[in-house]
Amino acid sequence: IETASWKEQPDAILCAWQAGQEGGNSVADVLTGKASPSGKLAMTWPVSYADHASTKNFPIDIKPEFNMTDHGTLKHERKDYDYTNYEEDVFVGYRYFASFGVPVSYPFGYGLSYTTFAYSDAAIAQNGDSYEVSVKVTNSGKAEGKEVVQLYYSDPQNKSLNKPAIELKAYAKTQSLKPGESETVKLTVKAADLASFDTKASAWVVNAAKGKFIIGSSSEDVRATLTADVKASTTKVADVLRPQQPLNLLHR
């Protein structure tokens, strides 16, 4: 979805997605102020289509050759025409843009409201095999509205381990808050959810670290950063996900 070339021209952009049969009423409620928008983008909107790492695996300008025999079988196979290897590895969507510093038009998790929200009193506690994060959200504007709090995890060694700079681990929406009203949002992340898959070892691996738990209003709008000790763990699984042929995977 290309917006970089024209987004400064309108006063506002309302994205209704696939709103269904009540879409007209919903849009009217938002435009007239009867309801305050509270949705957040579930994908990154890039500056250009080519900014996505996956575009390197797809033909853009070249038309594929007619590659079928009279009997309906392939004469030969050509990579990215007859089949495609997804070689961006784990760096899909916001994981790529955040890890490689690629500017975007609108980041993952972005969304405006008719009001504003202040974050305070962020805290983290470990409870058994889980990390419990809490943060106080206050409606600091003049209209009633809801906020979506997002929790990302960042391993301090993410670059050397070829992991994403940030990874979404939990999110929650507040109740409808009136101006000045507050709610404490609680988010829980299991220790196992911090694991990354190691294809060579066929295992889910958690790296021992002073992990960063990042609270944001979007993937780029950071409101608080907390740290906690994360223990190492390895969980072996079957090797069914082992690549069957060499892949030129993306590395940081």
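There are four salt bridges in the structure, a salt bridge being a side-chain nitrogen of Lys or Arg within 4 Å of a carboxyl oxygen of Asp or Glu. This is a predicted model, in which local features need pLDDT of at least 70, side-chain atom pairs count only at pLDDT 80 or more, and totals for chains, interfaces and linings use all residues. Residues are numbered from 1 along each chain as its sequence is written, and side-chain values use heavy atoms, with hydrogens and water left out.

Take lysine 40 and glutamate 147: their closest N and O atoms are 3.3 Å apart. Lysine 40 sits in the loop between α1 (23-32) and β1 (45-46) and glutamate 147 in the loop between β4 (130-139) and β5, 107 residues apart. Helices here are DSSP runs of H or I, at least four residues, and strands are runs of E, at least two, numbered from the N terminus. Both lysine 40 and glutamate 147 are buried; that means under 20% relative accessible area, with exposed over 50% and partly exposed in between, using a 1.4 Å probe and protein chains only.

Next, aspartate 229 in strand β11 and lysine 210 in strand β10, with 3.2 Å between the closest N and O atoms. Lysine 210 is partly exposed, at 48%.

Now the sheet. Four strands run in the order β6-β5-β10-β11, open and antiparallel; strands pair if DSSP finds at least two bridges between them. β6 (167-173) and β11 (222-230) are the edge strands. Inside the sheet, β5 (residues 148-154) and β10 (residues 209-216) share five bridges, and tyrosine 153 has phenylalanine 213 in β10 as its bridge partner.
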